[in-house]
Amino acid sequence: MSPAAPVLAIDGPSGAGKGTISRAVAKMRGWHYLDSGAIYRSLAIAVARDKVSLDDERAIVQVANHLDLAFRCDDQLIVLLDGEDITDRIQSESCGNDASKIAAYGSVREALLHKQRAFQQPPGLVADGRDMGTVVFPQAEYKIFLTASSNVRAERRYKQLKGKGIDVSLKRIRSELEERDRRDTARSHAPLVKADDAVLIDTSEMTIEEVIKRVVEVVSG
Ligand code: C5P
């Protein structure tokens, strides 16, 4: 880890636009990008592959300790698990829900800490997740908490999945999203919470361009 590399931590609930905004800002600045949710999602795939129960915290930590993950970031993030491309598989709602269940275990989070911190490299890092500004990079120079109403977030997610040809119901997306928010916010280990020193941006009524502009303003001081 290089202490010299600045970090922009972007946290917030599912569907607030963190991924789109983080990737765009990382690209503009030429900084690295950490999609921490993709790490939890990939672990969920590895846990299912190894036929480990979602209730077996100890066994999940073992899988986490041996997780062989590689990321490639172009316009889209490509995720390789043991060399196999799992980019499409980690997008599903069921994978997100499994990820949220295993992410509630403190020992699992601990096992994934160094993997996430290793992304802090010059010239800088945009880190996207739930606890980037509170736990993983508490010293981050810039912190943003991105949110939006659950209606708006569900609609965005619905359009995104429809656009990929995935057949989903808006009602179901919304209830799963709210359930995931509840679990992420209520858990005792690294719950989803705005860091005291994070700038709050509600994107409900904003375009992507407006949000990017606002984030760049925060980073530019
Ligand atoms: O951001 P994404 O929806 O891909 O994350 C999937 C799940 O992983 C979240 O619902 C959350 O439970 C978990 N997660 C987390 N901490 C992070 C990133 C994701 O607990 N930093």
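Helices H7 and H8 are oblique to each other; angles under 35 degrees count as roughly parallel, over 145 as roughly antiparallel, 65 to 115 as roughly perpendicular, and the rest as oblique. The model you are looking at is predicted, so local features need pLDDT of at least 70 and side-chain atom pairs pLDDT 80 or more, while totals for chains, interfaces and linings use all residues. Residues are numbered from 1 along each chain as its sequence is written, and side-chain values use heavy atoms, leaving out hydrogens and water.

**Helices that pack together**

Let's stay with H7 and H8. H7 runs through residues 150-163 and H8 through residues 170-186; helices (H or I, at least four residues) and strands (E, at least two) are DSSP runs numbered from the N terminus. The axes of H7 and H8 come within 9 Å of each other, crossing at roughly 120°. Axes here are lines fitted to C-alpha atoms, for helices over the stretch in contact, with angles from 0 to 180 degrees between N-to-C directions. On the H7 side, the contact (heavy atoms within 4.5 Å) is made by Ser150, Asn151, Arg153, Ala154, Glu155, Arg157, Tyr158 and Leu161. H8 brings Leu170, Ile173, Arg174, Leu177, Glu178 and Asp181 to this contact. If you sort the residues of the H7 and H8 contact by class, you find six nonpolar, two polar and six charged. Ala, Val, Leu, Ile, Met, Phe, Trp, Tyr, Cys and Pro count as nonpolar, Asp, Glu, Lys and Arg as charged, and the others, Gly among them, as polar.

H8 has another partner, helix H4 (residues 93-102). The angle between H4 and H8 is about 15°, with the axes 10 Å apart, and H4 and H8 are therefore roughly parallel. Glu93, Gly96, Asn97, Ser100 and Lys101 of H4 touch Ile173, Glu176, Arg180, Arg183 and Asp184 of H8. This contact of H4 with H8 holds one nonpolar, three polar and six charged residues.

Now look elsewhere, at helix H2 (residues 36-49) and helix H5 (residues 106-117), whose axes come within 11 Å and cross at roughly 130°. That angle makes H2 oblique to H5. Here Ser36, Ile39, Tyr40 and Leu43 of H2 meet Val108, Arg109, Leu112 and Gln116 of H5. Five nonpolar, two polar and one charged residues make up the contact of H2 with H5.

| Helix pair | Angle | Axes |
|---|---|---|
| H7 and H8 | roughly 120° | within 9 Å |
| H2 and H5 | roughly 130° | within 11 Å |
| H4 and H8 | about 15° | 10 Å apart |

**Spaces in the protein**

The largest pocket has a volume of about 1100 Å³. On a 1 Å grid over the protein atoms alone, a pocket is an open set of points with protein on both sides within 12 Å along at least five of seven lines, a cavity is a set where a 1.4 Å probe fits but cannot get out, and lining residues have an atom within 4 Å of a point. Points are joined across faces, edges and corners, and a volume is the space filled by probe spheres set on them. The largest pocket is lined by 46 residues, and those closest to its centre are Gly19, Asp35, Arg41, Arg157 and Gln160. Its lining has 15 nonpolar, 16 polar and 15 charged residues.

A search of the whole structure turns up one cavity of 30 Å³ or more. The volume of the largest cavity is about 40 Å³. Its lining consists of Ala9, Asp11, Gly133, Lys143, Ile144, Phe145, Val193, Lys194, Ala195 and Ala198. Strands E1 (7-11) and E7 (142-147) each supply at least two of the lining residues of this cavity, and E7 gives the most, with three. By class, this cavity lining divides into six nonpolar, one polar and three charged residues.

**Two backbone details**

Most residues other than glycine have a negative phi, and most peptide bonds are trans. Lys51, though not a glycine, has a positive phi of about 55°. You can find Lys51 in the loop between H2 and helix H3 (57-65). The peptide bond from Pro122 to Pro123 is cis, with omega near 5°. Pro123 lies in the loop joining H5 and strand E6 (125-129).
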